[in-house]
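Subject: Structure handover

Hello,

Here is the structure I promised to pass on. Please open it alongside this message, and then read on for what was found.

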Amino acid sequence: MITISLAFCTGSLAANWQATLSKDPPGSFPELRPLNASYRFGWSGFTAATGDVHFTKPFGDKFQFDGMGRTIGLVRALWRLDVNHRAVANAETLHPIETQQTENYRSKKIVTNLTFTNSGVTRARTEGEGSAAGTKTHQFSFPNLFDLHSAALYLRSQPLRDRSVYRIVVYPTTNAYLATVTVVGREKISIRAGTYKAIKLDLKLKRINKRLELEPHRKFRGATIWVSDDTERLLLRIEAQIYVGTVFAELQSVHFDAPRS
């Protein structure tokens, strides 16, 4: 009887978190204009890496994100990393279509390909080069998944009223996570790119295992995100608390390909 009760409770808890997911369709907020932007990354005010992103709408019915990042300076001497990331999303539904990420370290190369459908994602991950390369394939079944790019597009499309809460399932590269985003409020923020009126967001993550149960994220404790409170809703700054302390990403500059009509 106890075993049956525990199984019932476990199943109920699994169902409960799924019932809390946001079901709103993409909002009516104006879509992001094509742009080029640069960011810096680091911790405690120390810049450890830089990145450049290019956001476009190349085919009319798709959004595309291309990003390149690299460690710099002393950090690069200790930990060499070059990253290329490309993600394509449906412009109408804001659901992901495919994602490719290439990580080049000093001694190895990792290529991750994600192919999304309405029912889940197929991941192909290759480590090594040439004859030494090995590829592992994994499938995760869950409807209406997001990757990082499509999750950002979906959230910025929403009203983002103060104290609003959004819960979505995100598959960045190798695992699925329940992302809970809370709109904390509005404030001004000064960064390298300028001073902005900003929407302040709180982010919490829970790992989703193969049994669709929630587990604590061992390396990520939480993050604060600021996006511009204007017609663009640009990502301005992220401060994340992880196992090594507080790390950040901050907008340095942005250039739009065309003026807003």
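First, a term for burial. A residue is buried at under 20% relative accessible area, exposed at over 50%, and partly exposed in between (1.4 Å probe, protein chains only). Helices (H or I, at least four residues) and strands (E, at least two) are DSSP runs, numbered from the N terminus.

Some ground rules. The model is predicted, so local features need pLDDT of at least 70 and side-chain atom pairs count only at pLDDT 80 or more, while totals for chains, interfaces and linings use all residues. Residues are numbered from 1 along each chain as its sequence is written, and side-chain values use heavy atoms, with hydrogens and water left out.

Helix α3

Start with α3. This helix covers residues 148-157. Eight of its ten residues are buried. They are His-149, Ser-150, Ala-151, Leu-153, Tyr-154, Leu-155, Arg-156 and Ser-157. These buried residues pack against β2 (46-56), β3 (62-71), β4, β5 (96-105), β9 and β10 (176-191). Contact here means heavy atoms within 4.5 Å.

At the start of α3, a side-chain oxygen of Asp-147 comes to within 3.4 Å of the backbone nitrogen of His-149. That is a polar contact: a pair of N or O atoms within 3.5 Å, where within protein one must be able to donate a hydrogen and the other to accept it, and residues adjacent in sequence count only if both atoms are side-chain atoms.

Ser-157 also lies in α3. Its relative accessibility is 5%, so Ser-157 counts as buried. Its side chain reaches the backbone nitrogen of Gly-27 at 2.9 Å. Beyond its neighbours within four places in sequence, Ser-157 touches Pro-26, Gly-27, Ser-28, Phe-29, Leu-94 and Arg-233.

Strand β4

Ala-89 sits in strand β4 (residues 81-90). Ala-89 is buried because its relative accessibility is 0%. Not counting residues up to four places away in sequence, its contacts include His-149, Ser-150 and Leu-153. Asp-61, Lys-62 and Phe-63 are also among them.

An exposed loop residue

Is Ser-131 buried or exposed? Ser-131 is exposed, because its relative accessible area is 83%. Ser-131 lies in the loop between β7 (120-127) and β8 (134-141).

Aromatic pairs

Rings of Phe, Tyr and Trp (its six-membered ring) pair if their centres lie within 6.5 Å; planes under 30 degrees apart count as stacked, over 60 as edge-to-face and the rest as tilted. The count comes to seven aromatic pairs. In one of them, the rings of Trp-17 and Phe-142 have centres 5.7 Å apart and planes at 10°, so they are stacked. Trp-17 is in helix α1 (residues 2-19) and Phe-142 is in the loop between β8 and α3, so the pair ties together parts 125 residues apart in sequence. Trp-17 is buried at 7% relative accessibility. Phe-142 is buried too, at 6%. Ring pairs also link Trp-17, Phe-140, Phe-142 and Tyr-171 into a cluster.

That is the handover. Best wishes.
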